Amino acid sequence: MSGTSEGPRPAAVAASGTVRPPVTERHSADRAAAESVARAAAGHRDYRGVFQTAHLAMAVLDHHGTVISANDALAELLGTEPGTLFEQTAADLVDLASDIRTWHAYREVLEGRRARLRCTRRLKHPDGRALWAEVNVSPVPESRSVLLSIADISDRRELQARLRHLQMHDPVTRLPNRTLFFERLTSALDASPYNGGGPFGKGRPYGGGSAVYSEGGPLGDTGARGHDGRSYGHGGTGRIGLCYLDLDGFKAVNDTLGHRTGDRLLAAVATRLTECADHDGYTRSGGHLVARLGGDEFAILVEDSTGTEQLADLARSVLTTLQLPFDLAGQRLSVSASIGVVERAVAGTTPTGLMQAADTTLYWAKADGKARWTLFDPERNAHRMTRQALTSALRPAIEDDEFVLQYQPLVGMADGVVRGVEALVRWNHPQFGTLSPNRFIGIAEEDGSIVQLGRWVLHTACRQARQWQRDHPRVRPLFVSVNVAVRQVWDSDLVTDVAEILAETGLAPQLLQLELTESAVMGSAGRPLQALQALSDMGVRIAIDDFGTGYSNLAYLSRLPVSVLKLDGSFVRGFRYDDGVHPSPADETIVEALVQLAHRLGLTVTAECVETSGQAARLQRIGCDTGQGWLFSRPVAPERIAEMIAATAPRS
Ligand code: C2E
Ligand code: MG
Ligand code: MG
């Protein structure tokens, strides 16, 4: 190089066998220093030549960090003439002051308090290209100068970046793959100050005592953090969101049109998803991570989400864009997708927790009919979990006697006298406490254990009714009304069960009423109808529970062996405005007509959910026979019913 016209100078030399690089000095003031080094290197003149022609870019700095001498390789690396480097500060040349920790470490090396600084820097060559440099700074032994060396690691970095890109992307859609997605998700959750990560992440090895401080990992900016040049997790909203998406019926596309078409479709879907993610109106930077998690599953990760509304809008726009048909090499295809949406605070959120929630929510979206998005619902989730727990515990619980019956009075509307009681089952679950039947009857119906449970209820209720009768022989005996599930009529020999239980307990059939829902008896022919008829013939009364919620075909019902209608609570609730200010004559007219019709068909009518005396007064006026509800009594333990009976017993 023309700038090195002064030619070789005396070499520096090693102390105790360590190479001290020779220097090229270009300034008289510096010459003294260089010459002292050179003198020390007497007999090792060739070192200077080594320094000068070395491939490794090097400079010797004084203890202020000013370049005393630099070799040709450094000048070339920085795209300058060697002469221009002299007296420049190394910190400017290789950007050592841009971050505070590197700067501190560098100062410590200059001051002889630290053995070495190594860091990676991205430098701009004057010809415009960027290069990656590994910078090493270490003191020259027994002198106050410092050796700076810079290795161009651009090729290595590029290779690493390419390898990493291959490892982290899906070849079909070119989207980030599962690995990159989880890396990014983990980093977004870890980096949050809410989860204990500071702005520099966790456990960086920097500290006053550590000898080597390395800036950035070996993969530097291609790492999760710098994927698109943003830094994540600080100064954000402290929230995170995820759209977890699965194409509906993608397998059929693959199976019928082949994998090539399937792949094309996936790639086209990926493009549309990316467009949606880039045009999110909520964040100016847009550009949420879109990843292919495998098969036909995709995810859009929204860091610094602003709330569920943002995620809902994103999910909607994804569904809209996917609805447009795809033209794939002459084939026109339509697809839809189901999306599970989760949005929550970063604090306390783990990658696994978030993904499990997303998975569950996606399952709901599919189960609810596909081609839709569904938002994660903690209650539904808890319900799902307890549902599983309850299902497995049901059968053992029947054997372990965890069920109890409560009884709710059925009261004559005209005289207020208790005529009977409805038996209502409760589950004293060892873990979840007392569970209402709405929590477990459905499950018991699904898995068939209702048959066993129903038999237990029937037996217990009949025995109890007989017991009250025995204990209070002078009081008109109460009838007991027992709920019967559809499956009990279909899957068990209800008639035989009832006959045996009545015989065993000694309860008169007239004191037993069975409550079935409309849907259980509507359209019943064959076996159920025969069963109802046989029970009725035995003298057992059949009541239609929750009447009015189903088909409400009174004419049909009257042809069945049914003797009681239990008007659903919703009718009585229509009487709510019984304050005289908000009368609801329409409801009252309907109920009145119903009651009259029922009476004409030979049915008696019981009103459920009677909560106020106003409601009771109206029901009485309309002609309801009996009522049941909190106004009279909540469902109570059998002892309480015994007390009620005792209170009505004639004194003698
Ligand atoms: P259901 O047969 O219609 O029972 C009436 C429900 O209304 C009971 O709820 C009762 O506690 C509630 N209730 C009574 N009075 C009032 C009131 O004034 N206001 C309001 N808001 N509610 C009132 P519960 O005990 O939770 O039972 C719910 C359902 O579970 C029952 O509805 C019945 O369909 C079913 N069930 C209960 N026990 C059994 C059983 O042993 N076998 C079967 N198969 N089903 C049962
Ligand atoms: Mg009932
Ligand atoms: Mg009911």
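Which residue coordinates both the magnesium ion (ligand 2) and the magnesium ion (ligand 3), and how far apart are the two ions? Select D545: this residue coordinates both, and the ions are 3.9 Å apart.

Before going further, some housekeeping. This is a predicted model, where local features need pLDDT of at least 70 and side-chain atom pairs count only at pLDDT 80 or more, while totals for chains, interfaces and linings use all residues. Residues are numbered from 1 along each chain as its sequence is written, chains are lettered from A and ligands numbered from 1 in the order in which they are written, and side-chain values use heavy atoms, with hydrogens and water left out.

**Stop one: ligand 2**

Now show the protein donors of the magnesium ion (ligand 2): E422 (OE), N483 (OD1), E515 (OE) and D545 (OD), at 2.0 to 2.3 Å. Donors here are N, O and S atoms within 2.8 Å of the metal (3.2 Å for Na, K and Ca); water is not among the atoms, so sites may look incomplete. Along the sequence, the spacing of these donor residues reads E-x60-N-x31-E-x29-D. Colour strand β16 (residues 479–483), which holds N483, and strand β17 (residues 512–517), which holds E515; the pair links parts of the chain 32 residues apart. Helices (H or I, at least four residues) and strands (E, at least two) are DSSP runs, numbered from the N terminus.

Is E515 buried or exposed? E515 is buried, with a relative accessible area of 1%, while N483 is partly exposed at 27%. Buried means under 20% relative accessible area, exposed over 50% and partly exposed in between (1.4 Å probe, protein chains only).

**Stop two: ligand 3**

**Stop three: two helices**

Finally, select helix α13 (residues 378–399) and helix α14 (residues 437–447), whose axes come within 10 Å and cross at roughly 60 degrees. Axes are lines fitted to C-alpha atoms, for helices over the stretch in contact, with angles running from 0 to 180 degrees between N-to-C directions. Show the contact residues (heavy atoms within 4.5 Å); among them are H383 and L390 of α13 and F440 and I443 of α14.
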